Amino acid sequence: MKRFRSREKRSRKIGFLNSSSLAHPFHHFQKFISLGLSISSPRAFCCGDYTLSRLIDEVFTYSRDALHVLSGRVHRTPLDFSRTFSRLSGNSVYMKLENMQKTGSFKIRGAFYKIWRHLDDAKRRGVVAASSGNHAQGVAYAASLLGVEATIVMPETTPVFKVNATRGYGARVVLHGSVYDEAYRKALDIVEESKALFVHPFDDLEVIAGQGTIGFEIAEQIQSVDTVIVPVGGGGLISGIGAVLKRLRPGVRIVGVEPRNAPKYSVSRQRGRIVEVEPIPSLADAVVTKCVGEKTFEIMNEVVDDVVTVDEDSIARAIYLLMERSKIVVEGAGALPLAALLEGYMHNSGKNVVLVVSGGNIDLTTLYRVVLRGLASDGRVSILRIVLRDSPGELLKALNIFYRYRCNIIDIRHDRYSLYTPVGYATVEIVFEAPEQRVVEELRKELEKSSIKVL
Ligand SMILES: Cc1ncc(COP(=O)(O)O)c(C=O)c1O
């Protein structure tokens, strides 16, 4: 796991609902240097032992409003204590289960609040978004609840099940381009023409305020919280949660997690400016973006105390463990906070840690692969390749040994055509469940004793 620290930064001016009232100098924890801005009247808010900028205060205020707006329309998701992960990490670990949110992720919060605030315009001209994932479903569902027409532009490469899910929520889907950037530009063209309301996935302060309602819920659900660990894509989720919790619980640490394959915030934070990275595909596909937003970058620099990156194996392991131990189905992005603990972050700190499990929309083929890999690494599913003489009874002899060791055969492939197998022999690949890991070694020895070569 890699950790990234912030360098000195210079803030830019950002507009919120009333842009003239915003963007002021702010100070933060000692590791952040105060930022020089061109605004003449710094109206920073004193909060506990440090100050928060007006911007954060503004997000907080709108997020509190969003909490009322969303009440009864989206789920107040549970905060579950996990005995297993607490023991494993040496902390008290709680999970904020946004995978149980309507549409399977937190995205409905920001989308609903954004559309609700512009309802008259949205009803007249509709809303537009570009996304191939959770944001598409969040906007489509929010629009349908509010009686608004939604157009979602998705890359042509979007898996059919995601297109169908978005259509299923009543949206018109336009397939355009091969990557997100092309779909995004098309969405802006549609907005230009139709004057529809554009719902940005993260770099919009109303959307951020909607995501911030999770912070209010966490503060209500747990009295004493030391650290909240949040996945970072474009940065809207962590900005909202951070802005709210830094006001409500000034001592809380906000920690971001990214896949090592797409470390856009980590790199930008280190360099002190927004940097585009060339992402590599990740299991946490929902957070694979080239860069964070301008607004989110400013907010994150103020509210995020630390950011770490995790590798693909840890993400896969976290998905597997959440399913196996907690019976919770999550997608890669939702598993990032647990992946950070698995890589040893905050090990044995004895703190109250909240993991934001941000979404559960994982497709079954990915889940299947992750589960198989998890079972294999636990030694519960194994593969042996053996070489047999190609004559009647040889396979039966081998299978009898598997039977004696109570191994359950899942799959078997008999290959006599391979150029690597001598003439008159066959290579057999056997996938099986062993009752215990040590049995695999005993089985291997027994096969070899019976003159069956194990590759
Ligand atoms: C499941 C899930 N988790 C986390 C994120 C990251 O959110 P943000 O882009 O606001 O940082 C996303 C973004 O789409 C998501 O779908």
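**Ligand shell, buried helix and open sheet**

Of the 22 residues around the ligand, G233, G236, A286, S358 and G359 come nearest (a residue is near a molecule if its C-beta atom, placed from the backbone, lies within 6 Å of it). The model is predicted: local features need pLDDT of at least 70, side-chain atom pairs count only at pLDDT 80 or more, and totals for chains, interfaces and linings use all residues. Numbering starts from 1 along each chain as its sequence is written.

By class, the shell around the ligand holds nine nonpolar, eleven polar and two charged residues. Here Ala, Val, Leu, Ile, Met, Phe, Trp, Tyr, Cys and Pro count as nonpolar, Asp, Glu, Lys and Arg as charged, and the others, Gly among them, as polar. Helices α5 (134-145), α9 (236-248) and α13 (332-342) each supply at least two shell residues. The most come from α9, with three. Helices are DSSP runs of H or I with at least four residues; strands are runs of E with at least two.

Helix α3 (residues 107-117) is largely enclosed by the rest of the structure, because ten of its eleven residues are buried (20 or more other C-beta atoms within 10 Å of a residue's own, all placed from the backbone). Among them are K107, F112 and W116.

Four strands form an open antiparallel sheet, in the order β15-β16-β14-β17. Strands pair if DSSP finds at least two bridges between them. At the edges stand β15 (408-415) and β17 (453-454), each with a single partner, so one side of each lacks a neighbour in the sheet. Nine bridges join β14 (residues 381-389) to β16 (residues 425-433).

How values were computed
Buried ≥ 20, exposed ≤ 12 C-beta atoms within 10 Å, placed from the backbone.
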